[in-house]
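Welcome! Take a moment to look over the sequence and the model, and then let us walk through some of their features together.

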Amino acid sequence: MPHSSPSPRPRPLRAFSRLLQSRAPRSARRDAISAAHYRPEAECIEALLPKAQLTPEQDRQASELARTLAQSLRRMPAGSVESLLHSFPIASPEGTALLTLMEAFLRVPDTPTRDALIRDQIGQTDWSRYTGWQRSPLVNTMARSMTLAAKLRQAKGFSLRRLTLQTSAPMIRRGLDKALHQAGNEFILGSDIGVALKASQPREKDGFTFCYEMEVCTALMADQAAQALTTYEEALEALGRHAGVTGTLYERPSLSIRLPALHPRFGRARRERVMAELFPVLHRLIGRARQLDIGVVLSCEDSTHLELTLDLFEALCGQPEVEGWNGLGLTLQAYDRRTPAILDFLIDLGRRTARRIIVRLVKGACWDSEIRRAQHEGLPDFPVYTRRCHTDLAYLVCARTLLGALDAVYPRFATHNPRTIGHLQALAGQQEAGSYEFECLNGTNIIPLLRQQGLNVPCRLHAPVGPHDRLLPCFVRHLLENGATSLILNRDADPAATIEALTLDPVEAVRAIRPTERASRAIRAPADLFAPGRRNASGYDLSDEACLRALQNALKDEIPFLEAGPLTPDAPSSPRLPRTLCNPADRNDVLGNVVETDGPTLLAALDTAGRGQPGWAARSREERVRILQAAADRLEADIFTLMALLVREAGKTFPAALDDVRRAVDFIRYDAESLQDQDLSGMPLGLVACISPWCSPLAAFVQQVTVALAAGNAVLAKPAEETPFIAFHVVQHLLAAGIPADVLHFLPGNGSVGEQLVADPRIDAVMFTGSTPVAKALSRQVFDRRSRTGLRMPLIARAGGQNAMLVDSSVQPEQVVQDILTSAFDCAGQHCSSLRILLLQEDCADEVLSLLRGAIQELSLGNPVHLSTEMGPIISPEAQTEVEDHINMMRRAGRPVWSPELGENCLFGNFLAPTLIEIGRVADIPQEVFGPVLHIRRFARSEMDGVIDAVNSMGYRLTFSVQSRLTSTIDRITHRIQAANIFVNRPMTGAVAGSQPFGGNGMSGNGPKAGGPLALRRMVAKAGNWRLPEDGQPGKIPGRARGLVAFLESRDAVSARRIRQDISHELTGAVLNLPGPSGEINTLTLAPRGAILCAGESWPAILRAVGMALGTGNTALVLGPDHALEWMQRLPQGLADGIQRVDPGALPECAALLMEPTSALARQAASTLTNREGAIVPIYCLNDVRPEWLLEERVMTVNTAALCGDPTLMTLA
């Protein structure tokens, strides 16, 4: 609950003075690391190439050893995993099924979902052909289990055979369980440290030592971090007892520690908290490790964590307790472009602190996610190399650097590649034994072969320790990442993986690439994500120290007192007193004054817009495109100012503010691209009223304004009364870019300004984004009005939604909780797409909710002027009260309500804690709740269809997300749900123009999707027929529509001919593939809306309306007099099922009304539909309707990397 209002404080003069509450230590070497973050790939490679060259003699030695190792590997008997992959290659359907089962099967807690997962993976494959005496026992077990499952699936009806097969289901599950555990046993050393130490003894007798990696997940809550700490402490003690007091440090076992597992908010934004809480923990761990003389290697895979990891490591090296101890180490990833600079820093640090730092050098663990993040966030470049041979080259250069500084570092070369090993041995020459060591994953055979070659090099096995259900997904990722370069895993699966190919010198491979093509063209650079049509909006890396310093420098000055008011030429001076606005997170932070629009100013704006619009419409398309592109560039260049406004006026966190700016830039560039590419043969609508929301005060405002302007209309823009300063600043940029002042008018004010604006007869169209009740009221106001073009006045409304996410028990709990947090509580749940209802399968509900509550407690709530803030305020006291009333109502109804306590940093603003409410039925939620409130409905797997139907029955059709590893579940849910934007295995917020066009139907709005291919066309009248892009998949003419034409040909040839022409568009079911980052598939499908009410009084008009409805795959509800409907009595049964007559006194629900313009009966039906509660029903006149208006744009976004990475992307390296 909120705190009582404390006494006010003075207005802060420098609101962002505490932006970075903790600053990283800087030095020339640390600055060099930051400078290398996004260094161009070609520049990096040109600097590395000379350092990687071997002498002819060294090259001969490297090639000889590599070939010997490769040949020895081929002669060795295949292990369990290799035999599986030999029979079921990764690229095959069977291989995909195997990886899916390895990733999810052991994790699933309930039998029905396990059985469904097995059925999902059977596919059309004849699994029985993989059985036989020549196959390994593991392959036979897997294949027989899947064969038996396939037979069970094929058995239909009741029979003795089916009954026998059903009794075999437990045996199928046990067989798969056994096979997967056996596969995992090859590389998992033990389920706990005690078992692992016992299993390590035979290898230790052969002279190998181990680095143990305990299975600890990235912490989401304090309990997980505490459990990880306990795991590491127990492992240290066990390793100390096991090692005893004999052997040097490098001969003893070591422990790998994942830093993100030890703190629930590990990241640059929370640096102050991490340093205060995690550093003492590490200090204690490292101190104990020194006492036991057990080496500790710190690691974190995410490149955004690197700078913070270096801060912690440097601080640890300076502690007296570990002075002179050589057991402290760090894992570095060669694919990171900063790694050479990091090595320079570590070597200097080792020498400054008089120690040898253990440096575990790996190729890299999360390459595909780094590529995807850079593309999604529009970063300056990739932080990693885009070609595998470049990573190999960097690895070799880093190894040379390490071998040249053995006084300061102790290298551990983690690799399975024969050529890399040969190269390193040739580089090392006659180095003293123990100067460095090799490391490989436990269960692989490459490193032990070194002993057989007589090489006196220490070898360490990297041993995962933990339960199979947790570690198998990690192994799946390892398989995907290594691909064809790992001889042990893919030598038989990949025919091209010859010994010559696998022992190729990476230096030669790099030299074979032209310098102009250093960066792989197969992987789109972040800026080129939407090329050639447009440039991706530039992002900003809020984890990069150089970027953060630039942001802080831009915001360090005293903040000005803001002033805003109407922007319209020839407006009379207003006698109105200004209204003062405050920061919703700190009411003492006064933003400034806004003068609101009065009646005379509004009339003057309408007059001026009417005079200016024809001139703007007459300008060439090329000129309008140029102006829009200039406007986008101006916003992008002013990103810091816009972010600061969004933070202080709208209460957005810095990441959310950055996202809103980028979305606005994307919208403008998309509109410019659409204007350039589309054939807009019609005329502009005229004067467009744009009424925008406070929840997206920049992107939503810009989207409305620029799409209307692009089509040649004049715009009268009324921003949300809570956020006028952001809109005022944007309008100034648009005007400066070249938009004429007489066609873009800024009219701030409260709801009455919008009402007066819409009521004026000179307005030709309305674009509105806001609440459903207001959208419904607007539809009543404009349904019977016509524009200056003579056509019915368009209302494009985007309203809210009761957005739901369904989570089944096959998902990874930690992964789905992250998506829930983002979807439900980003911007305090104040997106129209925010998650409101969590449908949670009961079998995993307790675990997911425990994680979710713990993660919520770790969120940092407060004033977003601090980078560390993760959730800001509610926009206003009134909005806060509305949400509180709902929570209190749920409490009174006996619903379990949970929320954490608010901290003292929430004293001065409109804050609400994230709240979880468990409900018994979806229908228990009376209306949309616009705030950080998540309703949770547990369901049994057998209830899945029912809970989806319950969501549909609420009438909102905006966004929906499904989280599952089962393709059948995803298909079943996505076909049943009636949402307009569907997200699979990813958060449901953050739609991007051109990738995820956004907008809903029913109670969630009407009209074309924002940022979609139909948005610009809706801004012109009498546009020609829309044609699919060349890469689009055309739809089909529905059978009922063809049947109607056949029915009419012998009875009314004129109507048959007209309807044949109306239905020839082939848009029904058409599919467009939309661009997006790697690991994501975006599709837009034009789907039937449902039931179309066809109203009129003449039979030709009604027949044509019915033909249009059937031609777009809809059913037709027919309203008309008896004499116009006699033909319905002669319809064949197949047609009659899709055409139904309705009573004017009891109009059913419908998706749209298609009316004869002159019909009084149709006008009365329109009045009835707009005045009833419920959906915002679009009303179209028969003479000007376009086929796409009767279709629903249904967008689906699928995260294809959810399984464990993106296999398609990994092959491009």
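## A guided look at the model

Ten strands build an open sheet with mixed pairing, in the order β20-β21-β22-β19-β18-β24-β25-β35-β29-β28. At its edges stand β20 (897–898) and β28 (1071–1074); each has a single partner strand, so one side of each is left without a neighbour in the sheet. Please keep in mind that this is a predicted model.

Within this sheet, strand β21 (residues 915–918) and strand β22 (residues 933–939) run parallel and are joined by four bridges. Glu-918 stands opposite Ile-936 in β22. Helices lie against the sheet too. Helix α33 (residues 842–858) lies across β19 (837–841), β20, β21 and β22, and runs at about 135° to β19. Helix α36 (residues 967–976) also packs on the sheet, where it touches β18 (804–807), β24 (959–963), β25 (981–984) and β35 (1191–1199). The direction of α36 makes about 165° with that of β24.

### A sheet of five strands

Another open sheet has five strands with parallel pairing, ordered β15-β14-β13-β16-β17. Here the edges are β15 (744–746) and β17 (795–798), and because each has a single partner strand, one side of each is left without a neighbour in the sheet. On average, neighbouring strands of this sheet are turned by 10° against each other, direction ignored.

Strand β14 (residues 714–718) pairs with β15 in the parallel sense over three bridges, and Val-715 stands opposite Leu-744 in β15. Across β13 (687–691), β14 and β16 (765–769) lies helix α30 (residues 751–759), running at about 155° to β14.

### A residue in a loop

Which residues does Asn-1006 touch, not counting those up to four places away in sequence? The answer is Leu-795, Ile-796, Ala-797, Gly-1000, Ile-1176, Val-1177 and Pro-1178. Asn-1006 lies in the loop between β26 (1001–1002) and β27 (1020–1021). With a relative accessible area of 5%, Asn-1006 is buried.

### Salt bridges

How many salt bridges does the structure hold? There are 76 salt bridges. Three of them are set out here.

| Pair | N to O distance |
|---|---|
| Asp-177 and Arg-114 | 3.7 Å |
| Glu-370 and Arg-373 | 4.0 Å |
| Arg-1104 and Asp-1062 | 2.8 Å |

Let us begin with the pair of Asp-177 and Arg-114, which form a salt bridge. Asp-177 lies in helix α9 (residues 169–185) and Arg-114 in helix α6 (residues 111–122), so the pair ties together parts that are 63 residues apart in sequence. Is Arg-114 buried or exposed? Its relative accessibility is 16%, so Arg-114 counts as buried, the cut-off being under 20%. Asp-177 is partly exposed, with a relative accessible area of 22%.

The side chains of Arg-1104 and Asp-1062 also meet in a salt bridge. Arg-1104 belongs to helix α39 (residues 1099–1111) and Asp-1062 to helix α38 (residues 1053–1062), so this pair ties together parts that are 42 residues apart in sequence. Arg-1104 counts as buried at 17% relative accessibility, and Asp-1062 counts as buried at 15%.

Salt bridges that share partners also join residues into one network, made up of Arg-26, Arg-29, Arg-30, Asp-31, Arg-271, Glu-307, Asp-311, Glu-314, Asp-348, Arg-352 and Arg-549.

### Helix α15

Glu-370 and Arg-373 are both buried. Helix α15 is mostly covered, with eight of its eleven residues buried. Among them are Trp-367, Asp-368, Ile-371 and Ala-374. Just after α15 comes Gly-378, which takes a positive phi of about 60°.

### How confident is the prediction?

The protein averages a pLDDT of 90, and 94% of the residues score at least 70. Over residues 1–5 the pLDDT stays under 50, and the model has ten contacts for them beyond four places in sequence. Residues 158–165 also have a pLDDT below 50; this stretch has ten contacts in the model beyond near neighbours in sequence. Where pLDDT is low, the predicted coordinates should not be read in detail.

Notes: Residues are numbered from 1 along each chain as its sequence is written. This is a predicted model: local features need pLDDT of at least 70, side-chain atom pairs count only at pLDDT 80 or more; totals for chains, interfaces and linings use all residues. Side-chain values use heavy atoms; hydrogens and water are left out. Helices (H or I, at least four residues) and strands (E, at least two) are DSSP runs, numbered from the N terminus. Buried means under 20% relative accessible area, exposed over 50%, partly exposed in between (1.4 Å probe, protein chains only). Two strands pair if DSSP finds at least two bridges between them. Axes are lines fitted to C-alpha atoms, for helices over the stretch in contact, and angles run from 0 to 180 degrees between N-to-C directions. Contact means heavy atoms within 4.5 Å. pLDDT is the predictor's confidence in each residue, from 0 to 100.
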